[in-house]
Protein chains: 2
Amino acid sequence: MGTGKKKGKRTILFQKCPYITGASSVVGEKEGEGPLGRYFDIIEKDPMFGGTTWEEAESRLQNQAAQKALKIADKAAGEIEYLVGGDLLGQLIATSFGIEDMGIPFFGVYGACSTMGESLSIASMLIDSGYADNVMALTSSHNSSAERQFRFPPGYGNQKPMAATWTVTGGAGIILSSGKASKKQLKQMMGYLFTEKTEDCQLRITGITTGKIMDYGIKDSMNMGAVMAPAACDVIKNSLTDLGIKPDYYDRIVTGDLGKVGKEILLELLDENGFDIEKQYMDCGMEIYDEDFQDTHSGGSGCGCSAVTLSGYLLKMLFAGEWKRILFVPTGALLSPISFHEGNTVPSIAHGVIIERE
Amino acid sequence: MGTGKKKGKRTILFQKCPYITGASSVVGEKEGEGPLGRYFDIIEKDPMFGGTTWEEAESRLQNQAAQKALKIADKAAGEIEYLVGGDLLGQLIATSFGIEDMGIPFFGVYGACSTMGESLSIASMLIDSGYADNVMALTSSHNSSAERQFRFPPGYGNQKPMAATWTVTGGAGIILSSGKASKKQLKQMMGYLFTEKTEDCQLRITGITTGKIMDYGIKDSMNMGAVMAPAACDVIKNSLTDLGIKPDYYDRIVTGDLGKVGKEILLELLDENGFDIEKQYMDCGMEIYDEDFQDTHSGGSGCGCSAVTLSGYLLKMLFAGEWKRILFVPTGALLSPISFHEGNTVPSIAHGVIIERE
């Protein structure tokens, strides 16, 4: 459909598609023991990350992710013109303390677990428009700070239904640039996957499809998959329709944290709309933990879930040439500790980001 | 400095400066009784806005502001391509429920009381870049939902120090467009101020200066003015320096909610940096309430404070030709209910938006 955005469409195709020049992933011990463990940059065994409260732990985790992304991109904080990011905690408090020492102009965003999608969307626009040459998208979640905020203090050890997900302890920073990734940057991003064959490849964000808030009236905060499936369906359907393409244009269509329950609902909803994405479909929440051995019920969730899976694993698969194109669709459940105690429904949103290898 | 953003600068000057084609202001009874009362579109006497909880009250307030902005701009929700907004409550819950029925692609942002500045910044970029023709920036705060979240349930009637501010019950929607405001839109925005002389005037956002997080180590959540003054200073200083202009380029330099205490600190900080803005200076928090009769201590605050003062009053002064240019710098204190109970400092941020009459 050409670059830009056509009237009545939800998808923007970029003209100066940003390059990915840095990507970091920092996770906790449990995530490090999962199936994607070997792809993550840092596996921190101390759940407090050296801090004294769970909130401070998450700030330190997010700061580590930001610093690691800078290191991988071989850049100083002063070279990053904007930072776009946020987290799950009220008033984005993990982010405020996580980045305050970096001195980077900041757009704070909230999209619950879809935050990496929203951050990458805004960061991409900053590059495509020529406003900036280097922008970082950053997000995190921490199992214990999330449990404390949304559910019960972790020490209570309360039981969860099988539809519930497990909040990922993880943070990721992704640096987008107007210029190509250097050989050094590629090497640092790919690690041991870097070969002669991959040294010239580049990953670019070629488009975005912005979500709107969906609310199917579900009130069960322990069944986020069901809550978020309609938002993912809305974005995937509109993205494919806007571009006039079929699901097989992509090697993978990847949602954030629908988990086992949400997956089934999404596939059914898309099927009702005439789209069969079963062959391409992947969900970060179902990849990050081992279903049989890690006791995480429906799968992983949290801003960090899709962020570290993208930054640590999906980007490496693209770099390595396993896939050529993915549609990354992290999903967020827009509930607050107050809203569900007041018996409200849980609205949701998703943000679509198209990433292609060239 | 030409359009775009120069390397090492914090200010973007737009090439296709967005026009303001709709602006609404909805406030509570107390704000309606204040000095700016006659400038607001809707003064709602029911503090619950017809809802059953304070959070629902704020959602309804925000929805009213969005609907009124559409009405003033004579547009249907479907014509707005993006909505950029947020509020003070954890997980932006007032916004999620406030806009979920509107079906507009949504970027949720959090900048505490600077939210209207951040929303207008991103909304302006969406228009300037050609991604969209019509975007709404939206925000709100409600005194009782904020008190309940950050301090004590309103029913306790607890006492506050004189440095504390009063959270404004108010919401505003501002619609930015790629094309000029029509005579009808101008008439609806200006109300009784509309005259033959004003019927051809247009307001445009010509640039933005993005803030970074500042933290001077202050821990007193009852003295937000002192917390936020450094963030305002940083943005004003950088905006003037980037553009190589003096404060008298502007008819007004307007901060969000520094109040009496923050004002003195800001003027002193800027003076130390060689800028005297005393003649141009105005603070929304000091304009919205009557210092002598409304018992609001240091002044107004909250996302709604700067948003309704801009939308209801400042824009009208620009439209009416009282002023030609303003630098709007709403400020936000980035604390959470948890962070101050854990004894943390209060970081802050500000976002600068240049609005000019042509």
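B:Leu83 is buried, at a relative accessible area of 0% (buried means under 20% relative accessible area, exposed over 50% and partly exposed in between, with a 1.4 Å probe and protein chains only). You'll find B:Leu83 in strand β4 of chain B, residues 82-87. Helices here are DSSP runs of H or I with at least four residues, strands are runs of E with at least two, and both are numbered from the N terminus. Leaving aside neighbours within four places in sequence, B:Leu83 is in contact with B:Ile99, B:Ile104, B:Pro105, B:Phe106, B:Phe107, B:Met136 and B:Leu138, where contact means heavy atoms within 4.5 Å. B:Asp101 is 18 residues from B:Leu83 along the chain, and their C-alpha atoms are separated by 13 Å.

A quick word on ground rules. This is a predicted model, so to speak of local features takes a pLDDT of at least 70 and side-chain atom pairs count only at pLDDT 80 or more, while totals for chains, interfaces and linings use all residues. Residues are numbered from 1 along each chain as its sequence is written, chains are lettered from A and ligands numbered from 1 in the order in which they are written, and side-chain values use heavy atoms, with hydrogens and water left out.

**Two helices of chain B**

Staying in chain B, have a look at α7, residues 224-243. Its 20 residues reach 29 Å from first C-alpha to last, close to the 28 Å expected at 1.5 Å a residue (the expected span is 1.5 Å times one less than the number of residues). Of those 20 residues, 18 are buried, so α7(B) is largely enclosed by the rest of the structure.

Helix α10(B), residues 303-319, gets a similar check: its 17 residues should span 24 Å at 1.5 Å a residue, and the end C-alpha atoms are 23 Å apart, which agrees. There is a bend of about 45° at B:Leu310 in α10(B), the bend being the angle between axes fitted to the seven residues ending there and the seven starting there. As for burial, 17 of the 17 residues of α10(B) are buried, so the helix is largely enclosed by the rest of the structure. Just after α10(B), B:Gly321 has a positive phi of about 85°.

**Loops of chain A**

| Residue | Loop | Relative accessible area |
|---|---|---|
| A:Gly34 | between α1 (29-32) and β3 (42-44) | 12% |
| A:Gln91 | between β4 (82-87) and α3 (93-99) | 3% |
| A:Leu92 | between β4 and α3 | 3% |
| A:Lys160 | between α5 (143-150) and β7 (166-167) | 17% |

A:Gln91 has a positive phi near 60° without being a glycine. A:Leu92, not a glycine either, has a positive phi of about 50°.

A:Gly34 touches A:Ile288 and A:Gln294, not counting residues up to four places away in sequence. A:Phe293 is 259 residues from A:Gly34 in sequence, but 9.0 Å from it in space, C-alpha to C-alpha.

A:Lys160 is in contact with A:Glu147, A:Arg151, A:Thr165 and A:His297, again leaving aside neighbours within four places in sequence. Its C-alpha and that of A:Met222, 62 residues apart along the chain, are separated by 7.6 Å.

**Helices of chain A**

Helix α5(A) has seven of its eight residues buried, so it is largely enclosed by the rest of the structure. The buried residues of α5(A) are A:Asn143, A:Ser144, A:Ser145, A:Ala146, A:Glu147, A:Gln149 and A:Phe150. Their cover includes α2, β6 (134-141), β7 and α11 (337-341) of chain A.

On the α2(A) side the contact is made by A:Lys71, A:Ile72 and A:Ala73, and on the α6(A) side by A:Gln185, A:Gln188 and A:Met189. By class, that is three nonpolar, two polar and one charged residues, with Ala, Val, Leu, Ile, Met, Phe, Trp, Tyr, Cys and Pro counted as nonpolar, Asp, Glu, Lys and Arg as charged, and the others, Gly among them, as polar.
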